[in-house]
Amino acid sequence: MAEFYGNFGGLQRTCSLLVVVCVIHLSVVIVFYLRNFSTLARIPTPVLSLQHEPTLAPENSTRNSSALGTPEVDIRQGDNQTLQECPETPPRLEGPLHVDFSEPVKLDKLLKNPELSLGGRYMPSECVSQQKVAIIIPFRDREMHLKYWLYYMHPILQRQQLDYGVFVIEQDGDETFNRAKLLNVGYNEALKEYDYNCFVFSDVDLIPIDDRNLYKCYDQPRHLSVAMDKFGFQLPYNQYFGGVSSLSKEQYLKINGFPNNYWGWGGEDDDVYNRLSFRGMTISRPDHNIGKCKMIRHARDKLNQPNPQRFTRISRTRETMDTDGISSLEYSVVGWEKTRLYTKIVVDVGKAPHL
Ligand code: UDH
Ligand code: MN
């Protein structure tokens, strides 16, 4: 009997110990849960803020708080490191740049840049970008131009603290070139990769010569290449929207994307301009000095002769825009290539219908 009570006492002690351990465990779990919950609740939601045109605020001006007055943080870097939203004016911009196409350039240093990841992806490690920017380049047989573009643009885009990816959309085959359709393909393919909310459409041969020309989206569609050297650093005409432009996802969808039926050179950018104005939007542009850019000199490509239909097509944008665009886009992907500097997607976009 004594032995039984002795054993019973031992059992009671073990049980009490077990209960104490359980209570401690539960408390630790609850404390951890509450801590994580309050951290998660502070992660900024990835919405595109297009409310403010950036003003050239003094350098190093930072936006430390969100609209609610609480600091915006990201726990991407680990438990102890929190990140602020990137400032409206990136602090490391240099202003006017030296851009020269007479000397060949080497990409070896860029290719070793540990901050670039496969597919030409970058996000600043020092802050959380306000937008996710897909840069779309229509492309065929311009390897040398692409090399210059990558050489000059990656450092600029990084100084601009953008969360970006570079998509080179190459038209396969020998049919007439179709720039706007390639841009639609780029929009569609980029969204399969990441939750992009801003799209910059750039010719492969255009480089800004001032890094204050931010490759991001604004509260109105943005024309970025406003003062090209080939037009004597002037806008050729007020409605000009060619070269480099940016549209938020919302702005792009509002116009049903770009037209798919402009084969050959010219007119597609004017069609896009018409679409924007028919949907009540206006064009946002950088200051003339900041918007200066250089185009690599080149001859007209053999398979991109001026499109004789362009004038009639431009005059019919209002009737065609709802049925011709991202809603009617058809193509097939022929191949892929991902390097540290870009994602290249080779596509069959079909051919111009014979008249
Ligand atoms: N593009 C290609 N491959 C082509 C055609 C066009 O990659 O075969 C892309 C490229 O991104 C290019 C863009 O489409 O930058 C626009 O085409 P473009 O550069 O030919 O257009 P741009 O208005 O040139 O610059 C017009 C011809 C200039 C001839 C001047 C002769 N003095
Ligand atoms: Mn060109």
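Predicted model: local features only at pLDDT ≥ 70, side-chain atom pairs only at ≥ 80, totals over all residues.
Let's start with the metal. The manganese ion, ligand 2, is held by two residues: D205 through its OD atom and H298 through its NE2 atom, at 2.1 to 2.2 Å. Where do D205 and H298 lie? D205 sits in the loop between β4 (198-202) and β5 (206-208), and H298 is in the loop between β9 (292-295) and α7 (310-314), so the pair ties together parts that are 93 residues apart in sequence. D205 has a relative accessible area of 3%, so we call D205 buried. H298, with a relative accessible area of 34%, is partly exposed.

Next come the cysteines. How many disulfides are there? The count comes to two. One joins C86 to C127, with the sulfur atoms 2.0 Å apart. This pair links distant parts of the chain, 41 residues apart: C86 is in the loop between α1 (2-40) and α2 (108-111), while C127 is in the loop between β1 (121-122) and β2 (132-139). Both of these cysteines, C86 and C127, are buried.

C198 and C217 form a disulfide too, and their sulfur atoms are 2.1 Å apart. Here the partners are 19 residues apart, with C198 in strand β4 and C217 in the loop between β5 and β6 (222-223). C198 and C217 are also buried.

What about handedness? The torsion about the S-S bond of C86 and C127 is about 90°, so that disulfide is right-handed. For C198 and C217 the torsion is about 90°, so their disulfide is right-handed. Numbered in sequence order, the bonded cysteines pair as 1-2, 3-4.

Conventions
Residues numbered from 1 in each chain as written. Chains lettered and ligands numbered in written order. Heavy atoms only, no water. Donors = N, O, S within 2.8 Å, 3.2 Å for Na, K, Ca; no water. Helix = DSSP H or I, 4+ residues; strand = E, 2+ residues; numbered from the N terminus. Buried < 20%, exposed > 50% of the residue type's maximum accessible area, 1.4 Å probe, protein only. Disulfide = S-S within 2.5 Å.
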